[in-house]
Amino acid sequence: RTVDLLSPKEQASEWLLGSAELDVGSWSGLDESGPDKLGVGLFFRLNPNDGTLRVVSIVPGSSAHKSGLIQLDDKLLNIDSESVFGWNLKTLRSRLHGPPGSHVTLDLERGDGVKRKTFRINAMRGSPQYIAYQDLYGPANASQLDNLVLQKREEQKFNSMVEKQLKVEQAKFAQVQDQRRLAEEQEAELKKELEHLTKELFEEEQKLKMCQDQIKSLKTKPKKSTGFFG
């Protein structure tokens with residue numbers, strides 16, 4: 001049996017969407033689809049009690065935000081006329097995301113009882129930058145400009161990672177330098193202590209030699225005569 005191994009990012013995405021999807025709605029940061037597939041600027045939370053998908057965040061400048069119709073806690077009913085009941089966040093993401101410039105129809109509901117109302121929006125997929133470029137320069141130029149922005153953002157992210165790694169290496173180098181300086185100081189102290197002990201040893205050797213010389217001198221010195229010869 002063949003087992004497909006997931007990348008660390010994919011594993012994190014699977015865990016987030018599987019184990020923590022009831023608590024987290026901002027899962028797009030782990031999206032593997034890349035810049036060629038984007039949403040409409042909405043984040044949802046799955047209600048564990050009734051299984052509904054409700055809006056928890058609206059990205060400023062997105063097509064959802066610019067519509068002026070969607071509010072927080074609105075319940076999503078359908079995507080392109082297909083009911084979302086029973087969907088998890090992963091399924092929602094796969095159906096909501098698509099190529100920048102494409103459209104998706106959302107049916108939403110707000111309120112309860114007599115105040116309940118449903119409404120539909122036709123939202124354009126794309127980042128806030130893409131939507132702004134679309135308004136200013138048209139669809140074709142918007143895609144090119146949006147790709148340039150994404151590329152620049154990736155470059156900035158890479159440069160930031162390099163700078164962080166450089167700071168880590170500089171910190172390690174500084175730590176090694178401190179350790180080296182400490183070792184040199186300890187070596188100097190030990191050398192100084194060795195010189196002191198060597199001097200003391202020399203002095204003790206000189207004292208010992210003097211004692212040995214005195215003992216030798218006493219042994220070789222003639223004895224005084226105490227007898228009387230007549």
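Student: Why is Arg 95 called partly exposed?

Tutor: Buried means under 20% relative accessible area, exposed means over 50%, and partly exposed is in between, with a 1.4 Å probe and protein chains only. Arg 95 has 32% relative accessibility, so Arg 95 counts as partly exposed.

Student: What should I know about the source of these values?

Tutor: This is a predicted model, in which local features need pLDDT of at least 70 and side-chain atom pairs count only at pLDDT 80 or more, while totals for chains, interfaces and linings use all residues. Residues are numbered from 1 along each chain as its sequence is written, and side-chain values use heavy atoms, with hydrogens and water left out.

Student: What makes the pair of Arg 95 and Glu 82 a salt bridge?

Tutor: The term requires a side-chain nitrogen of Lys or Arg within 4 Å of a carboxyl oxygen of Asp or Glu. For the side chains of Arg 95 and Glu 82 the N to O value is 2.7 Å, and they meet in a salt bridge. Arg 95 lies in helix 3 (residues 89–96) and Glu 82 in strand 4 (residues 82–83), so the pair ties together parts that are 13 residues apart in sequence. Helices (H or I, at least four residues) and strands (E, at least two) are DSSP runs, numbered from the N terminus. Glu 82 has 34% relative accessibility and therefore counts as partly exposed.

Student: How do you know that Asp 73 and Arg 54 form a salt bridge?

Tutor: Their closest N and O atoms are 4.0 Å apart, and the pair is counted as a salt bridge. Asp 73 lies in the loop between helix 2 and strand 3, and Arg 54 in strand 2 (residues 53–58), so the pair ties together parts that are 19 residues apart in sequence. Asp 73, at 48% relative accessibility, is partly exposed; Arg 54, at 21%, is also partly exposed. By this rule the count comes to 10 salt bridges.

Student: Is Glu 109 buried or exposed, and why?

Tutor: Its relative accessibility is 11%, so Glu 109 counts as buried. The side chain of Glu 109 meets that of Arg 116 in a salt bridge at 3.9 Å, N to O. Salt bridges that share partners join Lys 75, Glu 109 and Arg 116 into one network. Arg 116 is partly exposed, with a relative accessible area of 47%.

Student: Why is strand 5 described as largely enclosed?

Tutor: Strand 5 covers residues 103–110, and seven of its eight residues are buried, so the strand is largely enclosed by the rest of the structure.

Student: What makes strand 5 and strand 6 a pair?

Tutor: Two strands pair if DSSP finds at least two bridges between them. Strand 5 and strand 6 (residues 117–124) have eight bridges, in the antiparallel sense. Val 104 stands opposite Ala 123 in strand 6. The hairpin of these strands has six residues between them, and Gly 111 takes a positive phi near 85 degrees there. Strand 5 is also joined to strand 3 (residues 75–79) by four bridges, again antiparallel, with Leu 108 in strand 5 as the bridge partner of Leu 76.

Student: Which residues does His 65 touch, and what makes them contacts?

Tutor: Contact means heavy atoms within 4.5 Å. His 65 touches Ile 58, Val 59 and Pro 60, not counting residues up to four places away in sequence. His 65 lies in helix 2 (residues 63–67) and, at 41% relative accessibility, counts as partly exposed.
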